[in-house]
Amino acid sequence: MRPTLRWLLSAMLTSIAMMAAAPVSSARPDVRDGVFIHITRGPEDPHRVLMTLNMATMMSEDHDVAVYFDINGVNAVLADAADLT
């Protein structure tokens with residue numbers, strides 16, 4: 001076998017061996033588990049809304065949090081909504 005061909009074959013086999021030995025991780029370190037919070041109550045039940053928002057704030061330290069306001073919940077976050085506190 002010619003030296004050039006032998007060197008090329010050796011380099012290819014070494015590359016394949018290195019790729020096979022490399023650890024494979026599907027988890028990305030910058031991705032966190034997420035939490036979805038659905039708020040359906042509004043100003044008529046301020047305790048429920050504020051407790052849920054407080055929980056979302058606490059969970060956001062360790063998780064990505066998405067808060068979804070629906071039904072009467074949207075009335076709590078409108079620009080002209082009454083203060084819940």
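What follows is a walk through the structure shown above, from its overall layout to single residues.

The structure is a predicted model, in which local features need pLDDT of at least 70 and side-chain atom pairs count only at pLDDT 80 or more, while totals for chains, interfaces and linings use all residues. Residues are numbered from 1 along each chain as its sequence is written, and side-chain values use heavy atoms, with hydrogens and water left out.

Start with the secondary structure. The chain has two helices and two strands, and from the N terminus on they follow the order α-β-α-β. Helices (H or I, at least four residues) and strands (E, at least two) are DSSP runs, numbered from the N terminus.

Next, see how the strands are arranged. Strand β2 covers residues 64–69 and runs parallel to β1, with six bridges joining them; two strands pair if DSSP finds at least two bridges between them. Within this pairing, H38 stands opposite Y68 of β2. Together with α2, the strands β1 and β2 form a right-handed β-α-β unit. Right-handed here means that, with the strands pointing away from the viewer, the path from the first strand over the helix to the second runs clockwise.

G34 is a residue of strand β1. Is G34 buried or exposed? With a relative accessible area of 55%, G34 is exposed, because exposed means over 50%, buried means under 20%, and partly exposed lies in between (1.4 Å probe, protein chains only). The C-alpha atom of G34 is 8.9 Å from that of D62, although 28 residues separate the two along the chain.

Now turn to the interior. Of the 85 residues in the chain, 12% count as buried. The largest nonpolar core has seven residues: I37, I39, V49, A56, F69, A76 and L84. Both β1 (34–39) and α2 supply at least two residues each to this core. A nonpolar core is a set of buried Ala, Val, Leu, Ile, Met, Phe, Trp, Tyr and Cys residues joined through side-chain atoms within 4.5 Å.

Helix α2 spans residues 46–59 and includes T52. T52 counts as buried because its relative accessible area is 18%. Leaving aside residues up to four places away in sequence, T52 touches I37 and I39, where a contact means heavy atoms within 4.5 Å. With the same exclusion, A56 touches I37, V65 and V67. Across the chain, 71% of the contacts with a separation of 6 or more are between residues 24 or more positions apart.

Charged side chains come next. Side chains of opposite charge can pair when their charged atoms come close. How many salt bridges does a search of the whole structure find? The search finds two, a salt bridge being a side-chain nitrogen of Lys or Arg within 4 Å of a carboxyl oxygen of Asp or Glu. D45 forms one with R41, their closest N and O atoms lying 4.0 Å apart. D45 also meets R48 in a salt bridge, at 3.8 Å from N to O. D45 counts as partly exposed because its relative accessibility is 22%. R41 is partly exposed at 34%, and R48 is partly exposed at 43%.
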